[in-house]
Amino acid sequence: MQTPLQATIITILVRAGGEPPRDKYSLFKEFFDIIIKREKQKGMGTILNTNQDLIEGVYHLLGFELQKRSSTTEGSDALISLECMKQLIQRKLDEDGIDQSSKDYNKMLNDAFHMIVNRINFASEIKEGYIGFSTRSMQEFLAAVYMVKTFNDSDLKTIIKELAKSSYWKNTFNFLVECISKEKTYYLDHVIDTVLSELNGNDIPIGETNATKS
């Protein structure tokens, strides 16, 4: 419990029963899952009851997009306008194959927007008309989950190499590797034996440096 956020998360998890996880990825995942579950229990018939995957998918996408934006933005976390938030939901609906001409499309769009902006406050309205994550760690966690769930194994190999070179993406990189160890166990040996070994310079003769090695 190194930060107030981590202490808050652990308190919530303990109250929910069970022993808090020891690794950071599992800590954030259980926190994310329990908040979703609590909101889901507040009322039947909400979009969480009918399409939980959509809400979770939008959050993963939002974390990834804001993490990219904040990597090129001076200062604190990047923000996204409410209109752009709707566009992200539309993007996820399109990816899920929901036809825009469907009678349910606009209802799903509006219900998802209301749920994310007004009900589940992982991201909130930081300033009028713009939302973002008040805690960078949640943004980094969701960005990592998005990459593991969205990109194929070949792309993940490239992403791991790129993120490992950046101090800004350090925490996302750690979440990413931990997520792979939980969600893509078949790929973990490859990550350790090839990607991370190469980054550690295991293939370079003793006495040489990998400072200029691409």
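Visitor: How far apart are E65 and K68 in helix α4?
Guide: They sit three residues apart in helix α4, about one turn of the helix. Helices here are DSSP runs of H or I with at least four residues, strands are E runs of at least two, and numbering starts at the N terminus.

Visitor: What do their side chains do?
Guide: E65 and K68 meet in a salt bridge, 3.8 Å from N to O. The term means a side-chain nitrogen of Lys or Arg within 4 Å of a carboxyl oxygen of Asp or Glu. E65 and K68 also belong to a salt-bridge network with R91 and E95.

Visitor: Before we go on, what kind of model is this?
Guide: It is a predicted model: local features need pLDDT of at least 70, side-chain atom pairs count only at pLDDT 80 or more, and totals for chains, interfaces and linings use all residues. Residues are numbered from 1 along each chain as its sequence is written, and side-chain values use heavy atoms, leaving out hydrogens and water.

Visitor: Is E65 buried or exposed?
Guide: E65 counts as buried because its relative accessibility is 12%. K68, at 36%, counts as partly exposed. Buried means under 20% relative accessible area, exposed over 50%, and partly exposed in between, with a 1.4 Å probe and protein chains only.

Visitor: How many salt bridges by that rule?
Guide: Eleven. One of them joins D33 and K29 at 2.8 Å, N to O. Both lie in helix α2 (residues 24–41), four residues apart. D33 is partly exposed at 30% relative accessibility, and K29 is partly exposed at 29%.

Visitor: And D111, what does it pair with?
Guide: K107, with the closest N and O atoms 2.6 Å apart. About one helical turn separates D111 and K107, because they are four residues apart in helix α6 (residues 105–119). D111 is partly exposed at 28%, while K107 is exposed at 51%.

Visitor: How many residues are in the largest nonpolar core?
Guide: It has 62 residues. Those with the most contacts inside it include I120, I55 and F141. Helix α7 (residues 136–150) gives the most, with nine residues. Such a core is a set of buried Ala, Val, Leu, Ile, Met, Phe, Trp, Tyr and Cys residues joined through side-chain atoms within 4.5 Å.

Visitor: New topic. What's the strand order in the sheet?
Guide: β1-β3-β2, an open sheet with antiparallel pairing. The edge strands, β1 (80–81) and β2 (124–127), each pair on one side only. β1 and β3 (residues 130–132) pair over two bridges; DSSP must find at least two for strands to pair. I80 stands opposite I131 in β3.

Visitor: And the whole chain, how many helices and strands?
Guide: Ten helices and three strands. Of its 214 residues, 42% are buried.
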